[in-house]
Amino acid sequence: MPDADSAKPNDDKPQEAGARATGKLIVISGPSGAGKTTLLKRMYAECPAPLVPSVSATTRKPRPGEVDGVDYHFLTPDEFRRRRENGEFLECFEVYGRGDWYGTLQSEVAPRLKAGKWVVLEIDVQGTIAVLEHYPDALTIFVQPESVEELDRRLTARGTETRAAIERRLEVARRELAEAERYRYRVTNDELDAAVTRLCEILKSCGS
Ligand code: 5GP
């Protein structure tokens, strides 16, 4: 059987890597602007579990302050396509339908699970559905804002995007919120401390 740790073409089955793994896979989704980034920073700092983030690959341009290899692996569309065709992704999708691709590299997941780590994927709903096909035992958590109106307020206050881009994100958020039931847990991020506590409780209940 081929070793799923190194990037291999599609016939290298991720579920076999999952069966041998000793770590845990945690998948977190939620509309952009729901305060996920801040919440996850606190989760990494405060939750007593061997958590490691999976750094996704994307074709979108870095925002100010974002670091290649830390926030994302920023790839050109050609490099992304090459890796996709080479079967290096556990899942990948065009998010927002505006030409930007995002994906989870196998190399971010399988070796760390094997090493006993708890690998955290911050991906969208369609990515989660694809991951669950390979890792049905993944712990799925949906971080939701109080409301779409609150999300609009947060994205507008962040000031990094045009109104049209925000409108597109709100539309995606409405669709994503409707899918929140697919997740094993939902955490409402209205009060940060309470949300961090809830996240840590969820992780603890799953075996930290
Ligand atoms: P942003 O551009 O704001 O960093 O992320 C936009 C969206 O892309 C977020 O909803 C995030 O969950 C999603 N995303 C980030 N990385 C991945 C990935 O590897 N796979 C998938 N399917 N979605 C991702």
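## Disulfide and ligand site

In this predicted model, a disulfide links Cys47 and Cys200, with an S to S distance of 2.1 Å. A search of the whole structure finds one disulfide. The torsion about the S-S bond of Cys47 and Cys200 is about -80 degrees, so the disulfide is left-handed. Cys47 belongs to the loop between α2 (36-46) and β2 (51-53), while Cys200 lies in helix α8 (residues 192-205), so the pair ties together parts that are 153 residues apart in sequence.

The space that the ligand takes is the largest pocket. Two elements, β5 (89-95) and β6 (100-105), are those that give two or more residues to the shell around the ligand. Of the elements, β6 gives the most to this shell, with three residues.

In total, 17 residues surround the ligand, and the closest are Ser56, Arg60, Tyr72, Tyr102 and Asp124.

| Residue | Protein atom | Ligand atom | Distance |
|---|---|---|---|
| Arg63 | side-chain N or O | oxygen | 3.0 Å |
| Glu91 | side-chain N or O | nitrogen | 2.8 Å |
| Gly103 | backbone N or O | oxygen | 3.1 Å |

Taken alone, the ligand exposes 510 Å², and the protein buries 94% of that area.

Notes. Residues numbered from 1 in each chain as written. Predicted model: local features only at pLDDT ≥ 70, side-chain atom pairs only at ≥ 80, totals over all residues. Heavy atoms only, no water. Near = heavy atom within 4 Å. Polar contact = N/O pair within 3.5 Å; in protein donor to acceptor, adjacent residues only side chain to side chain. Areas by Shrake-Rupley, 256 points an atom, 1.4 Å probe, with all protein chains shown as cover. 1 Å grid on protein atoms, 1.4 Å probe; cavity = no way out; pocket = protein on both sides within 12 Å on 5 of 7 lines; lining within 4 Å. Sits in = over half its atoms within 2 Å of the grid points. Helix = DSSP H or I, 4+ residues; strand = E, 2+ residues; numbered from the N terminus. Disulfide = S-S within 2.5 Å.
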